[in-house]
Structure formats: structure tokens, C-alpha cells
Amino acid sequence: MSAPIAKATTKAQSQTAPASAPASSQTGLSAPPAARAHARDLSFEADLRNGLEGELRTDAFTRGRYATDASIYQIMPKAVAYPKHARDLAAALQIAGQHGVPVVVRGGGTSQNGQPLGRGLILDLSRHFNAITQYDPEARRVTVQPGMVLNTLNDRLRKDGLFFPVEPSTASRCTIGGMTGNNSSGARSLRFGKMVDNVLAVDGLFHDGEAFSLSGANPATPRMAALMGGLTHLARAHRHEIETIFPKVQRRVGGYNLDELLPEQPNYAHLLVGSEGTLAVSSAITLQLSPLPKHRVMGVCHFPSFRAAMETTQHIVALDPVAVELVDNNVLVLGADIPLFVKTLADITRGKPNCLLLVEFAGDDLDALRRDLKRLDQCMGDYGFPDAVVEVIEPARQKPVWEVREACLNIMMSMKGDGKPISFIEDCAVPLEHLADYTDAVTDVFSKHGTVGTWYAHASVGCLHVRPILNMKEADGVRKMRAIAEETADLVRRFKGSYSGEHGDGISRSEFVEPLFGAKLTRAFEAVKDGFDPENRLNPGKIVRPLKMDDRALMRFAPGYQTALPAAPALDWSDWGGFGGAVEMCNNNGTCRKLEGGTMCPSYRATRDEQHVTRGRANTLRLAISGQLGPDAFTSPEMKATMDLCVSCKGCKRDCPTGVDMARMKIEFQHHYYAKHGLPLRERLIAHLPRYARLASSVAPLLNLRDRLPFAAKISEKLLGFSAERSLPKWRKPWQENRAPPAPKKFGATGATSCSSAIRSTVISSARTSRLPSASC
């Protein structure tokens, strides 16, 4: 079977290789290879448009927005489709197969290792394919489409006292499909486990579009029965290797879950969990739900040193908490400069601790939980840290503390400059008894290579997210990344841990599957891939037969990467090292895709379109000013369409943990755009309103007909750009410049909601007319 696979892989690579693009006349720079435009396959595009009910986009700007995730990588796809139902999924797979184009499925695009990236067809399931299809609260089961956002699901389940307990820090925008593909976990995995422990069934499609259903040990189709029978035999033939080599830690998500096929009555669906879209495309996922605990309490443990926290973790875990999460010194220092977190950090810290452990207990008896906090305080005292626990019992105080923890990654990414905490060894997991020694050893590796690291997250299960600070724009930074990765892999092996503990293999870690699992198990993993996807159509280059993790042609900052504006900037960007540095503050983690809470991003909440979210705009700006979208992209109509629906609410400046200020960037863009194209009549009318207001007031009855006559609003929209769906302020006569303004209306409890509704109305109206109305609230 290996020969046909190699042949198919070669064919796919040759058909999806990027073509060269001319240098940008705007910047004088050659586009980095990973972002150069592909040669259009018009036949493929036509077949997709005819075969899908959902939208298809093939323009460079859209493809550029889907070329990255929250990792260091960037791979320009051929096309992006938005399936509406399972029939669209099947059609997309069949058409892509006919044209030899790989398929990569994408949810929230928050992966940190390049999983949803590829040179083929991207299927974005988050926009339409996101419904609850079956729900049985008594049985505590729910079936959802893969594009369902976790927080959206839990908001619905909360009404019945239930929740889905696998809660990663990206819960506000990650999708159930992406979580299943990565075998995600979260802060409370100590109690609730990983996705594989909570998935009951998976409905999906093979690479050729044929549907299947997996639940328990009873495949529904002859094809799946034959396949799973063969793979179960494969797993049991490798029982010795699986039992001796698979890491004995809870956080192990590398390779394929062959261990799940060893029980006498396996659940075959569990083989697909953690497969990163390389085996099949899910169309529905059935989940086991848990009852919401009536109460939660938190103890914030203060430590004078990082090692002290690591040594104490195993003793705290013995108290049976739900979660033990690390907040390191970097987060405390950087977070103190972020307005969103200043008050919270002041509330939970006493003095100047080096780091914190957030310890949560949960249950139905509040008095028992209070006693748990006292036991925690006693434990801390027993190990040399008396009076070092701040109790956080009130739910209203706990919520912002968890928001700080969930934002740890973004807080650390708020470092300005080219050196950033880089994700590639960020979720290795080791047994708790080795945690302190492992973290010391990794810190020594960083020192050896002239850098330092940031640490946070899941101390309870020995899975600390660690990121060395590297400059990935330089070859030396990439060289250090490779060296650190190899040396850390050796440490993980020595301490009997897992190299992929939570975020999957992707591009960053698939190369290390064979060194960690050995040649025999790697060949078995390849047999799993070949059984499901013999033509290597689904997300190639991940888990088996991997891409090179240090291939700079696959990176966001490829060789030759530079940024430049077409003319001198209008604003001062020196705090970021230039406009490019400000744009690059976006790390693609996707906080701006959250659908509730805060302000960011109203245009995304109205449209659910990656083009109209802070991340999408930042990516488009970066690609344009680095010459990767063609000549004059920065001042193109496509860029204007990308920036138009930004209502300059400044929500991102506050809500984005890395401080991306899209409203300020829009000012810079508009300066250059209108310098080239001139100021439209609508903008001139608004800007010069005080100059002609007296004259206009004299014909107020005539001007006010605009909102009374059915055709007048349409004419004003066509000629002036004011949306016909919005009324304009009424002129009155006489107009007096010094007239005293009316007393302001008093807003009651609904004032904030009214403002939010006005913003949403503005965005929806603008989206319908593709123009930005002038409005305020």
C-alpha cells in the first residue's frame, strides 16, 4: 500500500505547488514563497461553484486570511468554501478528489501548530455548519455540527444545569469540531479528562464523500466494518509497543489513538478524536455532558519562586481539586500594564509573588468547599508558605480571574518588538514527580540558546505551556527553534512524558512522532492514515509523513519578509517599531471572534465573516504591506472593503489582550487610500457639514423629503452612499449655531444595551450596502 500512497502524495504536492508572483510595485519586495498567489484552476473553481450551495471564495485577500492560524506558519490555500450542510461537504470532497486538490477543514482557526493550513481547499465550518441537531438532557447527551462554538453550546446547556466540561482557554471561539480534531482538554481535565473521554459518537465522511457513523464497536456500513476490523487487529498486534511506549500521562495526544482499540468493547469513534482532520471529515459529533456544580471556590496560592510552585503542585493535587493552573511572573508583570486586567490582578495578589497557582474546588456543598480552602492553606503552610492563599469565593470575583488565566497566551504575546514567545513545545506533559526537574532542565536549554521562556497553564496534569522568546524573522531564530525542539524532545523522553499534550501535532510536532513513538508504531500510524485516506487527500503533512517544522517557506515570516507603507505614515507608530510592528501584534488567537462579552468585534458578530473581524483585518494589512497580495494592495478597493465595516469603536484596543488598535490602523489606511483615490462626495458632505448647514436649513422641508418619499432614499444611496435603510437626521428651520443643546437623555439600565444595538444596527446596515454609514451612539 505504501507505493500508491507515495505516488498520490507526489501528485498532490505537484498540483498544489504555488506559482511565482511578481514583486509588489508598492513595496519593491518579492512576496515570500509561502504566500505567493497560486495559478488559478478555473475548472476546479467552476465545479465547486456549481456543486455547492454554500459560498466559495478564491480571491487572494480571502485566501490570505485563511493562510494562517495562531501558529508561526502561513500556507496560501487554493480556495475557501463555507459549506451549509453535509451535502456540501460530500460535494466538496468529491470535486476536490476529481481535481487532485487536498482538503483541510477549519473551525475557529485557533490552532497553535498549523493544523488547519494547507495548499488545497479550506472548508470553514464555523459560519453555517454550527447547529445542535439532537439534545437529550435526561441522558446528558447532545449532538452538534462541528462548527458549533463551545461557549455557545454551554450557554444553551446551562439552562438545564448541564455543561460540556472540556473547556480550553479559547472556549469563546473554538469549535467542537476543532476540539475533537485536536483531542483538546482544558483547565479542569484533572476531573473531566480530554475530548476522547467525552465524545460518544462521530458521524462523518471519507475522503471520497461517502458517509459513515461511528459509535461504540458497531460500524454502520460494510466499508467501515472492514476498515475498523483491520485497524483493531493492527492495534492488538502492536499491544506490547502501545503499552510500553505510549506515555503514561493523562495529557497524551500525539499520533493516532490506537490504544483506544485495545479494549474488548472499544468505541471506534475515539480513533478519530485527535486525528486533526487527516482521516475523515466530521459532520456531527455526539458528546457526553456533565451536571454543572452548584458552587466553585478558588484559592490563589502565592510562591516566591517558580521551582517552589512546581515542587508543591503534586501535594496540592492530592487535595482533589478540579483545577490547578499556573500564572507565571511574565503574566503578572505584563498583565499589570493591560487595563483589562489591572483591577483583577490587584484583587488576587498580595505583595509581589513570583508566580501564582490558581486552585479550584467544585461541588454542591459550599461549606465543604470552604473547608477545602482551609486544607489548601494548611498544605501551603506545611510546605513552607504560610498565609499565602487568597480565597476567592464569590462567583463575580472568580470570573475575571479565569479571564486572566484564559488570556495568559495573549498577555505574553503583547510583548512589543520582533522577539515573541513562540509556540512549538508549548504543551509537553510530564509526570508530576518530575515537573520541577523538567522545567529546570528546559530553562537550562533556553539559557544555552540565549533566550528565556514563559510558563503558564495546567500544572495539575504536568502540562505547562512554555514558549521561548525568539525572533522568527531571522534565520538564527529558526535555527534556535529547531535545536530547542530536539533537546526538549530528549528531555520529554527522559522524564517519560508526552511531547504533544494538548494542542496536537500539526506542523510543529509531527516530525517528532517517530522519535518519540519509534519506527514500528509510526508505521502503524501510517497504516491508519492509509486505511482511511489512501490517496492522502485530507490535511496532508500532519501526524504522518510530516512537513518540516523549520521550513521557512511555510512560515508567516518567510525569508525576505519586510513591510513598507506606500508613503510616509500619517501617525506615529514608533512605539511598535513602525506600522508593520503594530499590525504584527495580532497573534491570530482569535479573541476577536468571541460572540458575547465585551465589545470586540461588533462587525464580526453581525456578519460572522473573517473579513470583518479584527484578526482578519490585521492579517490582510500585514499581507498587503509585505507585498504578498500583489501591487498596490494596501490602497486597493479590496482593502477598503476589508476596513469599511470597522466602526472604530475601539473595542479591540481594550478587549484584545495584545492591544491591537484597529481604529487607529483604519485612520492610517484611510489617509493613504484617499491620498490616492480622492475623498468621496459622501465624506465631503459630512466633513463640511458646518459650512453649509445654515444654507441647508433654509430648504429643510425639501431635504427632509429624503426619508418620506420611497424612491428618494434609494437615490441618495446610489448617488451619495448613505444607506437607504437608515434615516438621516432631520433638518429644522431656522438653524442657529449657538443654540443651546437639549438636555441629554438619561439612560437607565438599558443604556449600554441601546448603544450596543446601535452599533450592531450600523454594522448590519453597512454590510447590506457595502458602505460605511456615518453614525454614532
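H458 stands opposite C463 in strand 18. I start there, at one end of a strand pair. Keep in mind that this is a predicted model.

So, the pair itself. Strand 17 covers residues 453–458, and strand 18 covers residues 463–470. The two run antiparallel and are joined by six bridges. Another facing pair is W455 with V466 of strand 18. The hairpin of strand 17 and strand 18 has four residues between the strands. Look at G462 there: its phi is positive, near 70 degrees.

How buried is strand 18? Seven of its eight residues are buried, so the strand is largely enclosed by the rest of the structure. Buried here means under 20% relative accessible area.

Strand 18 also pairs with strand 16, again in the antiparallel sense, this time over two bridges. K420 has L470 of strand 18 as its bridge partner.

Which strands form it, and in what order? There are seven, in the order 15-12-14-13-17-18-16. The sheet is open and the pairing is antiparallel. At the edges sit strand 15, residues 389–392, and strand 16, residues 420–421. Each of these edge strands pairs on one side only. As a reminder, strands of a sheet pair through backbone hydrogen bonds.

Next, the helices on the sheet. Helix 15, residues 395–406, lies across strands 12, 13, 14, 15 and 17. Its angle to strand 12, residues 295–303, is about 55 degrees. Helix 17, residues 435–448, packs on the sheet as well. Helix 17 touches strand 17 and strand 18. Its direction makes about 155 degrees with that of strand 17.

On to helix 13, residues 339–348. Which of its residues are buried? F341, T344, L345 and I348. They cover an arc of only 100 degrees around the axis, which puts them on the same side of helix 13. On the other side, P339, K343 and A346 are exposed.

Now a helix pair. Helix 25 is residues 637–644, and helix 27 is residues 662–677. They pack at an angle of about 150 degrees, with axes 11 Å apart. Angles over 145 degrees count as roughly antiparallel, and therefore helix 25 and helix 27 are roughly antiparallel to each other. Helix 25 passes helix 27 in a left-handed crossing. From helix 25, the contact is made by P637, M639, K640, M643 and D644. From helix 27, it is M662, M665, K666, F669, Y673 and Y674.

N183 is not a glycine, but its phi is positive, near 55 degrees. N183 lies in the loop between helix 6, residues 176–182, and helix 7, residues 189–192. Buried or exposed? N183 is buried, with a relative accessible area of 1%.

E276 is another non-glycine with a positive phi, about 55 degrees. Its loop runs between helix 10, residues 269–272, and strand 10, residues 281–288. E276 is buried too, at a relative accessible area of 6%.

Finally, which residues does the cis peptide bond join? M600 and C601, with omega about -10 degrees. C601 is in the loop between helix 22, residues 579–583, and helix 23, residues 602–607.

Technical notes. Residues numbered from 1 in each chain as written. Predicted model: local features only at pLDDT ≥ 70, side-chain atom pairs only at ≥ 80, totals over all residues. Heavy atoms only, no water. Buried < 20%, exposed > 50% of the residue type's maximum accessible area, 1.4 Å probe, protein only. Arc of directions from axis to C-beta. Pairing = 2+ DSSP bridges. Contact = heavy atoms within 4.5 Å. Axes fitted to C-alpha atoms, helices over the stretch in contact; angles between N-to-C directions. Parallel < 35°, antiparallel > 145°, perpendicular 65-115°, else oblique. Left-handed = near helix turned anticlockwise from the far one by under 90°.
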